[in-house]
Amino acid sequence: MILKPRHANRHLASQPHKSLPNRWQKLGALAAACVLAVLPVNAKAESVFDPLLRILLPFYQPSDKSTQDNSAQSDDSAQDDSFTHENEQTTPNAQHTNDIHADEGDDAWFQHADDGSDDAYLPADGIEADTPKKGVIRHNEAQAKRVASGEFGVEDLPDELFDELIVAFDTTPMIDSPDLEALLYAEFAADRGNPEQALTIYKAESFKQNATPVFERALGLSIEYEEPAVSLAFATAWQMRNPEHIPAWFYVTHLAIKAGDYDQAAKMLAMILQYDPHSDLSQIFTGILPNAPADQRALFVALQDVDGADNASVSVLRAGLLMRLSEYQAALLHINHALTLEPANLALINLKIDILQSLGDTDALWQFIHAKRSELPHEHSLYLYEIRTLINQGDLMGAWRLLQEALAHTQNADVMLLGGLVALDVGDYHAAIDLMKSLTQVPEFRSQAHYYLGIGYERLGDLAHARTHYEKVDDYEHVLDARTKVVGFYLLENRVDAAMATLVRLRDDYEMLAADSYILQAEIHLRQNDKEAAKDLLTVATRQYPDDDRLLYASFQLLENELTADEKRQAVAKLLELDGYNPRYQLMNARLILADNPNDAPALATAQNISLIGVDDPLYDSALQLESLVVLSEHALKQGDYQAVIDMLQMPYDVAPSVQTGVLLLRAYQGLGDDGMVAELLADLQARFGTAQSTPVQGQGF
């Protein structure tokens with residue numbers, strides 16, 4: 001039978017029964033089995049499902065129902081006649097209603113859920129309506145007396161708590177422990193996107209005896225779907241109903257801070273510290289400190305009355321609030337007090353380092369770090385802080401010396417990895433290899449270690465060992481680069497078949513890298529002057545991965561000279577559809593537009609913007625920047641602005657000469673009539689590329 005408090009659950013009785021989705025059919029059967037297990041109709045069914053219920057419901061306590069039922073019947077037969085007659089008057093149509101209930105079949109328990117009123121309460125099948133349980137009545141009378149006596153301090157509570165207190169004290173349960181049917185229905189409601197209904201039931205059931213797991217489930221749903229103030233009201237009411245439940249004190253404190261009720265939070269903190277002055281309060285404050293300066297100040301003021309002299313967490317909270325308020329000197333006082341209580345706490349050490357950094361007191365910062373390093377010689381994080389600072393300052397040799405000291409005192413994997421990387425950077429390849437070999441025995445670092453071992457051996461010129469380690473790399477961050485190097489090593493040995501097999505294995509093992517594998521394989525075919533093989537391979541790849549823009553782009557580059565203008569526009573439109581923010585595709589589109597309309601302002605603006613992408617921008621690509629300058633130079637030549645061409649291309653040609661930029665420069669100097677520069681540039685082109693009249697030879701650039 002679903003149990004609901006008055007005023008809170010009346011709407012449930014009128015809810016129509018809905019068929020469960022197919023994926024819940026098995027769970028529905030399980031729910032029916034659980035219902036039969038808890039109804040006092042069949043003692044054998046209960047014993048059958050006891051093991052399952054222990055798994056599903058941590059609070060479930062099996063008992064001998066048959067014995068309890070016989071005992072209950074004996075007690076009922078001895079009840080006072082006047083009580084029975086009084087109950088009969090309140091339910092004059094009980095016999096008629098029970099007949100209807102019996103005719104409705106399996107859905108009756110849902111259809112006749114309590115409407116929250118005191119009239120015509122229909123019990124579950126197997127429990128007589130005119131024999132209420134004495135224990136329940138005595139329990140409710142006791143609750144009423146406790147509320148009336150003011151034991152729970154109702155008159156002192158804010159208004160938003162009253163609804164939750166109604167749930168706590170205005171409930172007429174048929175059983176003292178949570179109702180399994182009600183909990184199943186609540187979980188179904190939560191899963192079907194009706195958290196309000198689920199919360200109503202869960203909250204009601206949580207106020208019964210031995211219902212801590214139900215309360216925690218209800219509180220989790222409340223935090224997820226309700227405002228912090230509502231969650232706080234529920235948690236406060238439950239904590240008052242269960243004053244000995246210590247974790248609830250922490251829940252209420254956390255929610256009070258989250259809801260901005262700092263006075264209640266301070267009172268709860270004082271209560272916790274009175275119970276245990278050294279309690280760890282860090283989980284209470286994690287991730288919920290206010291962001292607004294006014295709220296930060298209000299919380300700090302509320303904490304002034306909390307006696308946290310013996311609790312580091314309180315001092316840390318005060319220091320953190322003051323740091324957010326930019327009151328660093330005051331924050332330093334509180335963090336120093338916390339460190340006197342817990343001198344080896346790394347979180348406190350790091351907070352003091354942050355405060356000293358904010359103060360800009362470099363001398364005090366390093367003095368503190370060195371002192372703590374002496375106190376905690378085996379604590380690797382203190383070494384890493386200073387090592388990373390030296391690296392950021394560009395002092396790699398200083399970082400390497402400190403790393404060697406750290407390695408002598410610690411055997412931490414992070415220190416070893418950083419040591420290997422710094423050793424590679426300073427050129428101590430043998431030391432780097434020794435460190436990385438040790439890391440291959442640590443599972444979470446094994447793949448990275450093989451990757452950097454490959455780099456170490458490659459820099460030593462030992463390509464055989466380098467390839468062996470590159471082939472053992474299997475993490476997504478490094479596997480593509482490692483396998484690409486393996487392909488390069490095979491091509492150095494002219495072992496094309498082995499290189500191709502490596503690429504095939506790469507896409508078989510890592511489907512997300514299939515496009516990269518196909519593109520590199522097509523590039524190898526092109527280097528062998530086998531354009532047809534490259535074309536066939538890319539055709540297969542684009543059919544298998546039609547939405548991969550890189551494959552389409554590679555195919556476009558390969559077939560560009562064979563495509564009509566309309567086919568080029570269609571291909572570029574598809575590329576922009578797949579990745580409209582790719583500057584390479586934007587430039588391709590601008591080039592096509594300018595071919596039809598040399599003065600198209602948006603297309604020229606696109607090329608101009610791409611040419612101005614800075615080197616610190618993630619989108620920067622030197623080849624793409626040069627290509628955009630070529631587009632702009634071609635337009636400038638058509639406009640007769642020869643000096644603009646020279647300004648854009650002279651420096652790129654000096655840095656990385658190419659036929660395309662050389663020819664454009666040659667035409668610009670010819671347009672200016674500068675015969676001296678024409679002769680000089682023509683001689684340079686002939687020396688570099690054989691002939692100035694040769695057609696630009698462009699690589700595919702996949």
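Of the 702 residues in this chain, 42% are buried, where buried means under 20% relative accessible area, exposed means over 50%, and partly exposed lies in between, with a 1.4 Å probe and protein chains only. The model is predicted, so local features need a pLDDT of at least 70 and side-chain atom pairs count only at pLDDT 80 or more, while totals for chains, interfaces and linings use all residues. Residues are numbered from 1 along each chain as its sequence is written, and side-chain values use heavy atoms, with hydrogens and water left out.

## Overall make-up

The secondary structure comes to 38 helices and zero strands; these are DSSP runs numbered from the N terminus, with helices (H or I) of at least four residues and strands (E) of at least two. Among the contacts in the chain with a separation of 6 or more, 55% are accounted for by residues 24 or more positions apart, a contact being heavy atoms within 4.5 Å.

## Nonpolar cores

In soluble globular proteins, nonpolar side chains tend to be buried together. A nonpolar core is a set of buried Ala, Val, Leu, Ile, Met, Phe, Trp, Tyr and Cys residues joined through side-chain atoms within 4.5 Å. The largest such core in this model has 66 residues, and those with the most contacts inside it are Tyr202, Ile257, Leu281 and Ile335. Helix α14, residues 262-275, gives the most to this core, with seven residues. When residues up to four places away in sequence are not counted, Ile257 touches Tyr262, Ala265, Ile284, Phe285, Ile288 and Leu299. A second, separate core has 49 residues, including Leu384, Leu403, Ala431 and Ile455.

## Two helix pairs

The table sets out the packing of two pairs of helices, in which axes are lines fitted to C-alpha atoms, for helices over the stretch in contact, and angles run from 0 to 180 degrees between N-to-C directions.

| Helix pair | Angle | Axis separation |
|---|---|---|
| α9 (residues 180-191) and α10 (residues 195-206) | about 155° | 7 Å |
| α20 (residues 362-375) and α21 (residues 380-392) | about 140° | 9 Å |

Angles under 35 degrees count as roughly parallel, over 145 as roughly antiparallel, 65 to 115 as roughly perpendicular, and the rest as oblique. With an angle of about 155°, α9 is therefore roughly antiparallel to α10. The contact is made by residues of α9 that include Ala182, Leu183 and Tyr185, and by residues of α10 that include Ile201 and Tyr202. By class, this contact of α9 with α10 has 10 nonpolar, one polar and two charged residues, where Ala, Val, Leu, Ile, Met, Phe, Trp, Tyr, Cys and Pro count as nonpolar, Asp, Glu, Lys and Arg as charged, and the others, Gly among them, as polar.

For the other pair, the angle is about 140°, so α20 is oblique to α21. Here the contact is made by Leu365, Trp366, Ile369, His370, Lys372 and Arg373 of α20, together with Leu382, Tyr383, Tyr385, Glu386 and Thr389 of α21. The residues of this contact of α20 with α21 divide into six nonpolar, two polar and three charged.

## Individual residues

Arg467 is found in helix α26, residues 463-470, and Arg467 is buried because its relative accessible area is 17%. Leaving aside neighbours within four places in sequence, Arg467 is in contact with Val486, Phe489, Tyr490, Glu493 and Arg495.

Ala590 is found in helix α33, residues 583-596, and counts as buried at 1% relative accessibility. With neighbours within four places in sequence again left aside, Ala590 is in contact with Ala603 and Thr606. Ala590 and Ser628 are 38 residues apart in sequence and 9.5 Å apart in space, C-alpha to C-alpha.

Most residues other than glycine have a negative phi. Asn210, however, has a positive phi near 55°; its place is in the loop between α10 and α11 (212-225), and at 59% relative accessibility Asn210 counts as exposed. Asn529 likewise has a positive phi, near 60°, with its place in the loop between α29 (514-527) and α30 (531-544), and Asn529 counts as exposed at 74% relative accessibility.
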